[in-house]
Amino acid sequence: MTKKISICMIVKDEEKNLRRCLESLTPLLNRNYTELIIVDTGSSDNTIDIAKEYTNQVYFHEWSGNFSDMRNISLSYAVGDWIFIIDADEELETPEKLIALIESNNINNFKTIRIREKHLLSSEGKKCVTHIQERLFKNDGKFQYRGTIHNQPIYQHPVLNTDIWLKHYGYINDDKELMEKKFERTANMLRKELEREPENVYYRFQLARSYMMHGEYVVALEEITKAYKDMKSQDKELIVHRYYVFGEFARMALYAKKYKDVIEIGKEGIRYSENYLDLYYYIGHAYLDLKENEKGLEYLEKYFELYIKYNKNELDVSRFTAVEMYSLEETSFERTLNRVVSTIYKDPLMIGKNIDNYNRYLKETGNKILRYKVLSQLMIVDGNYSGLVDVYNSVESEQVYPFINYLETLKKDLSDKDKMEMEQLFSSLDGDFGLLNLIRLSNSPTKHLIDFINQYDIIKYSDDVIIEFVKYLINSNILYKFFKKLDNVTMKKIVKVLIDNENKIDYFINSLRTDFRFNDFQNNRIFLAIANVILLSEIEEIKIKPMNTIENLKDIFYKYIEKGIENINFRYNIDRIRLIYNTNENSEEKFLMIMYLYSIHQKNGNKSLALKYLKEAGEVYPYFATFLTMIVNSIKEEIKVEEVRDSFNYMKNQKSIKVLHGTIEIAGQMNTLVNGLNHLENVTATALDYYPSYLSYGNANLIDLMKLENKTAETQKILESAIDTFDIFHFHYNRSLLTNLSDIPLLKESNKKIFMHNWGSDVRLLSTAKKLTPYAKTKNENEAYIINQLEYLGNYIDDCIVGDAELYEYVKDFYKRVHFVRQALDISQYSPTPNFKFRKTKPVIVHAPTSSDFKGTNTVHAVIENLKLKYDIEYKLVKNMSHDEAKEIYRGADIIIDELHSLGHGILSLEVMAMEKPVITSISDFMSDFYPKEIPIVSANPDTLEEKVELLINDWEMRKELGIQGRKYVEKYHDHKKIALDLLNIYNA
């Protein structure tokens, strides 16, 4: 008669798991000899409702804090001849095997039944740990559990080992919150038990495992080390029953990369349990990590043998009931087999290994991909290339190209002779791989290449093979014939591979500039694909050095837009683009549609709508934001051009002398002179600045020439309006309204008065300057360029304006008349700081290098460092600030150091003198006769700078007096209103 079975469970808040568990038991529950007993210990979810769907034997007992007590309570309700223990987070995987055992007579010969359990480590079920446990017990009234946590059954012999399987979901750590709760509960209980029994090896072992699962690997290793030491300090006869400690110790040591410890502990464990396959696994991998390959292979081959025996039930597992096996999962076996064969493949000393064993191991895996991979390596190790062809012929169709690509990877390590042998063998095959190898063997592969293009798809191959194939196409000049066959995505992938792996970007850039002159559909399609990849590939480069990359690729981008619009024309009704572009799901195509709409409005002069579409284009395809910003900036500058022309037209009707200053600001002089002129009666002046900078001098008309895409057309518009408006053109620094100075002859033909105002580096010739002072330096050493420019300008312009005698030396031979006009300052903008007192201790010294070399900044730094050894001083360097920000620094200074390599003072010296600051700058002997005798500047050169700075550091009263005299000097000689009168006289002469 069949024996009655009682299934006993204890549960709490298991609504996520319980139904899955009970459904797996349904085949057993449908038998009339089965009862289901569920003891709930305080659930607050739907656990009880689910339980009652499957049994009416649901009982309630408050949680006592002791697993064994609760387990024993569930046993007390059992009336069956056999008791089956299962938890809610488990699932009976082979119910038919359990039923067959229960209904067999064989069960009567045993009192305990062991089953196998897979502890799943991930929700996909690919990683698991294997465990053998006693789960089915003869109900003799004496059977019970002991232990507060990780309770252990006190069972009787004889014991039957079976291949009945459970799945356990409790180790899956995807649910972080749940795992955290489990860890806290389990670890706390184990720590309490260890307070009572500090040398309990089993509890210490379980605490180490808990820490390991929680990710606290260092603590886990510490705890397992304690468990090992406790085990070794106790009765040696007990070690044989605690061999599981060796396995966990070796596993944790391997994880910590303590390979020598793994080997030592593992070998010791094997002495107590010779078939403990995890230990062979850990030792073998540790030896391989130490590059001791022969020893590693010896232990891993033993692991393979034990793995095969275990899965064929040929291994005595009676000793493995207290341990979880980590290397029994199929992925561990496959990963190890792959590593071992790869080691043999890479290590010439291992070539002599008997590969027949590995063919046998391969039969144990159902992983066909791994089988092909390992077989390939074994064939190459054996030099059996014809066998490699046999493997290729056995590969299933969906794995053919992954296998080919893997073969190609292996082939890289072979000698040229072996590569050729492989290629010859495979070239005899039908199909694309055979043809590919014919191409490789051919001296003139063009016909084979065309056959391949017409019949097959290279994109299925690896990047390396694609690169090789495309190189053949490039050499045969048939790349674009191939591209015509491809879709855009495939084309882009190939170009991307060649750019990334073969640095072919210059090849493609040159090709885009020379090979796509025609606007047919296919040509444009290929151009767009290549250009898109190149532009996107350079995005990171743009972030690093934006101007260089933009300038290099700007023509490609504009051509990309042009051909993109052509392509849109080919494919769509262009009149309906505005209505349909929003429905296009291809972001690149939608971007090009928007750029078409932008181009229409730009051509029609509707710049506000053009900007709107550019903004939308950037939102749709943000990768080109840098290029789009360039266009946006250009349009904004074009708008400014129109505003400037409008302002010129407004001035045209005024009855006064109309003066235009342009087109570059030098130390604020244009703005200052214009303001001075506008204080005069019958004069209307304005300035046009093409090169605005961070210094922000505040000219009314600012157009950033560098941002204008069509500089020639836009500046021509300005010229036309200016000729209609102005009587006098006062240019600065050898610049004019057109970038190539071609407007100068036109202005002369229009009978306009033209003046060129030179300031320094625009005309300074080093050869001449060196004759005037040995300390001279120049920013521009190309004297031929400067002379050619002066000769050109002197042919059309009669009048030159300079600020001092030095500049006169450079220009006197090129112009009919040279006028002296001192530098101008709006005195009201540089008032002294109220209540400022020069510091007797820790004076503040300021240096402002717009050109470090010309101003002698390195010399200044060296002098200051030397003086810091003797004096308590503060040094401030003014760089990359607006003019207003810099002025605030000057206001707090005690001493200003200006230029060391010039012949005379610059604008900065005048500005700080107006602020009643003492200034140190270079005044050469040549210039000292030109300046008024009362000029209150401390003259210094690189050799005398330290002496002059030290003088002012020690004499604060001298600083104060120089400041007062400086203000008076600037008021007398450099007031912009006085300078404006001088200019007007020159204009009217």
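# Legends to the close-up views

**View 1. Ile897 stands opposite Ile920 of E22.** The model is a predicted one, in which local features need pLDDT of at least 70 and side-chain atom pairs count only at pLDDT 80 or more, while totals for chains, interfaces and linings use all residues. Residues are numbered from 1 along each chain as its sequence is written, and side-chain values use heavy atoms, with hydrogens and water left out. Strand E21 (residues 895–897) and strand E22 (residues 919–921) run parallel and are joined by 2 bridges. Strands (E, at least two residues) and helices (H or I, at least four) are DSSP runs, numbered from the N terminus. Two strands count as paired if DSSP finds at least two bridges between them.

View 2. E19 pairs with E20 in the parallel sense over 4 bridges, and Tyr875 in E20 is the bridge partner of Ile845. E19 also pairs with E21 in the parallel sense, over 3 bridges. There, His847 has Ile897 of E21 as its bridge partner.

**View 3. Phe516 and Phe527 belong to one aromatic cluster with Phe452, Tyr456, Phe469, Tyr480, Phe482 and Phe483.** The structure holds 60 aromatic pairs. One of them, Phe516 with Phe527, is edge-to-face, at 5.6 Å centre to centre and 75° between the planes. Phe516 lies in the loop between helix H24 (505–514) and helix H25 (521–537) and Phe527 in helix H25, so the pair ties together parts 11 residues apart in sequence. Rings of Phe, Tyr and Trp (its six-membered ring) pair if their centres lie within 6.5 Å; planes under 30 degrees apart are stacked, over 60 edge-to-face, and the rest tilted. Phe516 is buried, at a relative accessible area of 1%, and Phe527 is buried at 0%.

**View 4. The charged end of Arg20 sits over the ring of Tyr169.** The distance from the centre of the Tyr169 ring is 3.6 Å. Lys612 lies over the face of Tyr613, 4.2 Å from the ring centre. A charge sits over a ring if NZ of Lys or CZ of Arg is within 6 Å of the ring centre and within 35 degrees of the ring normal.

**View 5. Cys8 is in no disulfide.** The nearest cysteine sulfur, that of Cys21, is 13 Å away. A search of the whole structure finds 0 disulfides (pairs of cysteine sulfur atoms within 2.5 Å). Cys8 is buried, with 0% relative accessibility.

Key:
Buried < 20%, exposed > 50% of the residue type's maximum accessible area, 1.4 Å probe, protein only.
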